[in-house]
Each structure stands twice: as C-alpha cells, then as structure tokens.
Amino acid sequence: MNRSQTVFPALIFAFTATALAVGYFHYQYSWTAFAFPLVAGLVVCLLCAIEVATTSRRRGTSAPRAADQPPLSLAGVAWLFALAAFLYAFGFVFGAALYLLVCLRGNDFSWRLSVGTAVVSLFATWGIFIRVLGVQLPLKPLWMG
Amino acid sequence: MLDAFLSAAGQLLNPVVIGAMLLGLPLGLIIGLLPGLSGITAIAFLIPFTFGMQPLVGLAFLLAAYAAVSQGGSMTAIILGIPGEVPNAATVIDGYPMTKAGRAGEAIGAALMASALGGLFGCVLLAALLPIIQPIVLSFASPENFFLALAGIAFIAVLSSEAPNRGLIAGALGIFLSLFGYSPTDGVPRFWMGIDYMLDGFRLVPLAMGLFAMPEILALMTTGRSIAQAQEMEPISLRQVVKGGLAVFKYPGVFFRSCTIGSVIGMMPGVGGATAPFVAYAAAKQTAGDPDSFGSGRIEGVIAPEASSNAKEGGALVPTLALGIPGSASMALLLGAFIILGLQPGPEFLVKHLDLAFGAAMILAFGNVASSFLMFLLSKLLIHITRVPGHALAPMLLVLVTIGCYSAENNPIDVLFVFAFGGLGVVMERFGYNRPALLLGFVLGEIIERYYQISVSAYGAAFFMRPISITIIAAALLCLLWPNRKRILRYWGYR
C-alpha cells in the first residue's frame with residue numbers, strides 16, 4: 001500500500017466534514033440553504049471513506065495514476081510560488097517583470113534574454129492589459145493597499 | 001423569408017461590413033490567446049467601439065470577434081496545455097498529449113476543422129430555427145433545465161471510467177465547492193468563513209486555470225524540458241494539418257453528435273455553455289471502442305469538444321435573438337450591444353429585422369471559418385513555443401495565467417486561488433483524480449441546485465412528471481446505457 005495515496009482522500013474528507021460541521025453547528029443554516037451542500041458533502045465523505053478503505057486494503061499494488069510524471073522538485077515549486085510574493089511586494093506590472101528577470105537569470109539564461117523578457121513583460125502588462133484592454137492591474141505593491 | 005435571407009447576404013457584401021469583420025477577427029484571436037480572458041471580455045472590450053456604427057456593421061464587428069475568441073483558446077489548450085477559456089479545458093485532455101507526442105499539427109487541423117464546421121452547423125441551425133423556435137424554447141422551464149444539468153452530471157461517471165471512485169470523488173467535490181457563497185434562492189451566504197470574497201463562492205476562472213494550467217507549468221519548471229521533445233518535433237506542415245482536418249470526416253458520428261449536444265445546450269438559457277464541450281467529450285469517449293485510450297492523445301477527444309464548443313454559439317444566439325433571453329453571460333452582454341445599436345431582440349425583432357437575424361447567423365458562420373484560417377496561419381508561429389526550454393517558458397506562462405485570471409474580475413484574491421487550485425490540480429494529476437470531472441461538477445452544481453429549488457417552488461414535488469422532463473430523463477438514460485447495452489444484456493443473461 002502506498003500510504004500517500006490515502007492522505008489526499010482523507011484530507012478531502014476532513015475539509016468537507018469540517019465545512020459541513022461549521023455550517024450545521026456554527027452558522028445553523030436553514031434546511032433550504034443547507035440541503036444541497038449537505039447531500040453533496042455527505043456523498044464526498046462517503047466516496048472518500050470508500051477510497052481510503054480500498055486503498056488501505058490494496059497491498060503491494062499502486063493505484064491508477066497518470067503516467068510519465070516527472071518527480072516534483074522543491075526548486076520548481078519554489079519558483080512557482082515566488083511569483084505570488086513578487087506580485088504582492090512589487091505590484092502586478094513591475095512584480096511580473098522583476099519575477100521574469102530573476103527567474104530567468106536564476107535558471108542560467110543570459111542577461112540579454114532575461115532583461116529583454118522583463119522589458120517585453122512591462123510593455124505587455126502596461127501596453128496590452130492596462131492601456132488597450134483597460135484592465136486595472138495594480139501598479140502599486142499590494143501591501144501598500 | 002427567402003427575401004430576408006437574400007437581403008442579409010447582399011448587405012454582408014458591403015465593404016464596410018466586411019472591413020468590420022476583418023477588424024474584429026484578429027482582436028478576438030488575441031483575446032482568445034490570453035489565458036483567462038473569454039468571449040465576455042472580448043464583447044465588453046469591443047462594445048465601446050460600436051457606438052455610432054450602423055447596426056449590421058456593429059454586429060459584424062462584435063460577432064466576428066466573439067467567434068474568434070474560442071479559436072485562440074483552443075490553440076493554447078493544444079499547444080501549451082493551458083485553456084484560453086473554461087470550455088477549452090476539455091480540449092486539453094487529448095490535445096496536449098498529442099502535442100507532446102509530436103502530433104500538434106494533426107490536433108490543430110482537427111480542432112480548426114471541427115471548430116469551423118461546428119460553428120457552421122450552429123449557424124445553419126440558428127437560421128433554420130429562428131422562425132419556429134419560440135414555442136420550443138418557451139416549453140423549457142426550470143424542471144427541464146434541472147434535468148438537462150442532471151444529465152450533464154451523469155457524464156462525470158463516463159469522464160472518469162478509468163478510476164471510477166476517484167472520478168466520482170472529483171465530481172462530487174466540484175459540486176460541493178460550487179455550493180459555497182450565496183444560496184441561489186434565499187440568498188444565505190454559505191461557508192463564507194467571514195471572508196468577503198467567499199460571499200460569491202469560488203470562481204470558475206481561477207479554478208479552471210489552477211487545475212489545468214498550473215500542473216503543466218510546474219512540470220515545465222521542474223524538468224526544464226520543452227513541451228515537445230526535439231526528436232518528436234517536426235514543424236507544422238500543411239500535410240499534418242490536412243490529415244487532422246480530414247479526421248473530422250472520418251468520425252462523422254462524433255462530429256454530428258457533438259454539434260447537436262453543443263447546439264441544444266447552447267440553446268437552453270441558463271444551462272451554461274461551458275458544460276457542452278465536457279458532455280460532448282464524455283459522449284465521444286463513451287461511444288468509442290476503447291474508451292480507456294482517451295486522455296492519451298485521441299483525435300476524437302479534440303474533435304468532440306471543439307465541434308460542440310463552436311456549435312453552441314449559434315445555439316446560444318437562438319433564444320437571445322428570438323426571445324430576448326440571453327443564454328449566457330456573454331449573450332447578456334451581446335443583448336446589451338444590440339440595444340446600444342438600436343435593436344431590441346425578441347419576437348418582434350424577427351418580424352421587423354429577420355434580415356438582420358439571418359445576417360447575424362452568416363457573420364457568425366464567416367467568423368468561425370475565417371478565424372480557423374487565421375489560426376492556421378498563426379499556428380505555424382505558435383508551434384515554435386513548444387521548442388522553448390521549460391525553465392524559460394514556465395515563468396512566462398505563469399505570469400500570463402495569473403494576470404489573465406486577475407483580469408477576469410480585477411480581483412487579486414483570484415490570483416491566490418489560482419495557486420491554491422493549482423496545488424489541488426497537481427495532487428489530483430499525480431494521484432489519478434479526474435480534473436475535468438471536478439470542473440464539470442463545479443459548473444453544474446450550482447445550476448442543479450438553483451433549478452431544483454425553483455422547480456419545487458413553482459411546480460411542487462411532481463415537477464419531474466412534465467412530458468419534456470420525462471423525455472430528457474429517457475434520452476439521458478438511453479445515451480448512458482446504449483453504448484453498454486451488450487454488457488448489460490450479457491449480465492442480464494448471466495443472472
């Protein structure tokens with residue numbers, strides 16, 4: 001049995017059960033408002049319980065999963081989430097450009113490519129999204145409100 | 001009626017109308033290529049440009065752009081694995097594996113041909129049904145919409161046939177997540193945890209982008225490899241694209257069934273056009289000889305969602321023009337554009353402006369075909385993106401996805417949810433949980449609740465006894481059971 005296979009359905013079970021408990025005990029929703037989430041949530045919990053039980057019983061075999069999956073690297077995940085920090089710290093226009101510059105340089109691409117991409121990003125966010133499409137991308141860092 | 005048709009055709013040959021269409025097409029394509037931005041963004045962005053235009057010129061401009069948006073979205077779905085808009089998520093399932101296997105040209109050819117012909121199918125249906133549609137659409141009330149949505153839910157089981165329990169968990173979780181926020185009938189905010197953002201529940205665009213785009217971006221970031229490996233890569237040739245395009249004719253059943261599904265779902269106000277490509281995909285998978293090979297790069301998996309996605313646009317215009325009832329959010333905006341142009345869609349519209357209604361159908365048809373051609377020209381450029389190293393491509397795509405998601409509602413919290421749902425998408429992909437099933441559940445969950453509550457209030461507990469409801473239930477059961485009839489009969493005989 002692969003123990004990690006049971007963690008995900010167990011987490012979904014916990015999330016759903018907690019939401020239902022909060023709805024029933026804390027918010028005390030009326031039957032009309034709560035009936036559908038209750039039924040859907042109970043179905044999720046039941047299916048997760050079945051999944052955990054069957055996976056736990058299945059020894060020595062691995063459950064179906066998508067093929068050709070590269071192993072997750074911590075560096076990849078860190079680069080991914082770094083964008084959120086950049087956007088928060090420097091705003092959507094400059095944060096995105098800075099992120100591209102740092103990320104490309106961090107992955108050993110040339111200064112020319114990194115700076116060029118950052119400049120193109122500045123033009124795309126400012127020119128296409130803000131000026132042409134009228135999207136109100138935050139110019140100021142988000143922490144400044 | 002023939003006079004109106006000929007008059008519409010004559011007006012479309014006006015150079016100003018043609019110019020407006022040719023201007024709208026590339027704008028629609030560009031918006032379609034930006035992840036997260038959809039047809040509604042295109043119309044919202046372009047409406048101000050139509051002030052003062054002649055009605056047909058304004059319509060030509062808007063409808064041509066609207067038709068082009070989904071073409072751009074399907075291209076990013078196939079080449080990058082990132083759906084341009086929510087309905088394109090169904091194209092990712094088989095289109096992206098085809099690109100990874102070096103068959104991008106074939107997938108693009110199939111998508112373009114299916115989109116163009118699917119769009120034509122929807123427009124022909126629109127033109128044919130306009131004069132007679134009123135009693136048909138008005139006979140569909142909330143019970144019928146409820147059963148249509150319920151039939152869509154039944155296809156979750158088909159989508160996840162390779163790991164049924166995990167697929168059902170994904171679908172049920174999608175339904176559960178869709179029920180967060182204000183309840184549709186009494187307005188009670190559910191599970192909002194004191195966070196204002198959650199009053200409206202989880203949003204569709206961050207969910208779709210997180211589930212589908214983030215796992216692909218993470219894979220690129222982790223491996224650093226380009227999407228298509230060098231040895232599998234060959235430039236898109238006309239031969240490849242033609243091969244893919246001809247595949248549509250090789251699977252006429254898949255094509256016509258998908259177009260019909262798209263048109264019918266598009267025609268029903270309130271059912272939600274995002275459902276159509278998933279239902280069409282599930283139907284194609286269910287009727288295939290070896291359904292388990294879907295998801296690994298089957299061309300029918302590209303044809304079905306693309307044909308239904310474009311056919312639904314013609315279908316969605318039917319109630320908008322004939323009854324003044326918009327079938328979706330973008331159709332509601334289009335309805336506003338009609339009013340700005342001095343037109344009032346509804347039964348009277350067909351009496352007074354039947355030529356304009358036919359004109360709209362023809363513009364949509366032209367938009368579908370012309371945008372397919374434009375996309376083919378552009379695809380030769382886009383395919384080079386699949387050669388860019390993953391470490392360089394991933395951050396660029398990530399920036400595009402997050403800014404696109406922000407642009408959908410101008411809300412920075414949407415960006416946080418892209419990352420949150422991205423985490424969910426990565427785990428689901430790794431453990432073999434079906435992501436389209438979750439998305440389909442999410443799209444339909446709220447619709448089912450809404451129409452169930454309205455049906456019970458308006459028609460009582462016996463609302464399912466209406467003749468059309470019974471017909472829909474029977475048709476859905478037939479669709480689900482017919483492909484498995486041999487297995488069922490064998491089981492019956494065994495007992």
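In the predicted model, the contact between the two chains draws 57 residues from chain A and 46 residues from chain B. On chain B, the side that touches chain A receives at least two residues from each of helix H9 (164-178), helix H10 (204-223), helix H18 (390-409), helix H19 (412-431) and helix H20 (435-459). H18(B) provides the largest share of this side, with ten residues. Sorted by class, the side of chain B that touches chain A comprises 28 nonpolar residues, together with eleven polar and seven charged ones. The model as a whole is scored at ipTM 0.91 and pTM 0.80.

Chain A contains five helices and zero strands, and the order of its elements from the N terminus is α-α-α-α-α. Its radius of gyration is 23 Å, whereas the globule rule gives 15 Å for 145 residues; chain A is therefore more spread out than a compact globule. The box filled by the C-alpha atoms of chain A, taken along the principal axes, is roughly 55 × 45 × 25 Å. Two domains are assigned within chain A, with domain 1 covering 4-57 and domain 2 covering 74-144. The C-alpha centres of domain 1 and domain 2 of chain A are 39 Å apart.

Chain B comprises 22 helices and two strands. Along the principal axes, the C-alpha atoms of chain B occupy a box of roughly 60 × 55 × 55 Å. The mean pLDDT of chain B is 82, with 93% of its residues at 70 or more. Where pLDDT is low, the predicted coordinates should not be read in detail.

Within chain B, the packing of helix H6 (residues 104-129) against helix H17 (residues 354-382) was examined. The axes of these two helices of chain B lie 8 Å apart and meet at an angle of about 175°. Because of this angle, which is over 145 degrees, H6(B) is roughly antiparallel to H17(B). From H6(B), the contact involves Ile108(B), Leu112(B), Ser115(B), Ala116(B), Gly119(B), Leu120(B), Cys123(B), Leu126(B) and Ala127(B). H17(B) contributes Phe358(B), Ala361(B), Leu364(B), Ala365(B), Asn368(B), Val369(B), Ser372(B), Met375(B), Phe376(B) and Ser379(B). The residues of this contact of H6(B) with H17(B) include 14 nonpolar and five polar ones, with no charged residue.

Technical notes. Residues are numbered from 1 along each chain as its sequence is written. Chains are lettered from A and ligands numbered from 1 in the order in which they are written. This is a predicted model: local features need pLDDT of at least 70, side-chain atom pairs count only at pLDDT 80 or more; totals for chains, interfaces and linings use all residues. Two residues are in contact if their C-beta atoms, placed from the backbone, lie within 7 Å. Helices (H or I, at least four residues) and strands (E, at least two) are DSSP runs, numbered from the N terminus. Ala, Val, Leu, Ile, Met, Phe, Trp, Tyr, Cys and Pro count as nonpolar, Asp, Glu, Lys and Arg as charged, and the others, Gly among them, as polar. Domain bounds come from an automatic or database domain assignment. pLDDT is the predictor's confidence in each residue, from 0 to 100. Axes are lines fitted to C-alpha atoms, for helices over the stretch in contact, and angles run from 0 to 180 degrees between N-to-C directions. Angles under 35 degrees count as roughly parallel, over 145 as roughly antiparallel, 65 to 115 as roughly perpendicular and the rest as oblique. The radius of gyration is taken over C-alpha atoms; the globule rule is 2.2 Å times the number of residues to the power 0.38.
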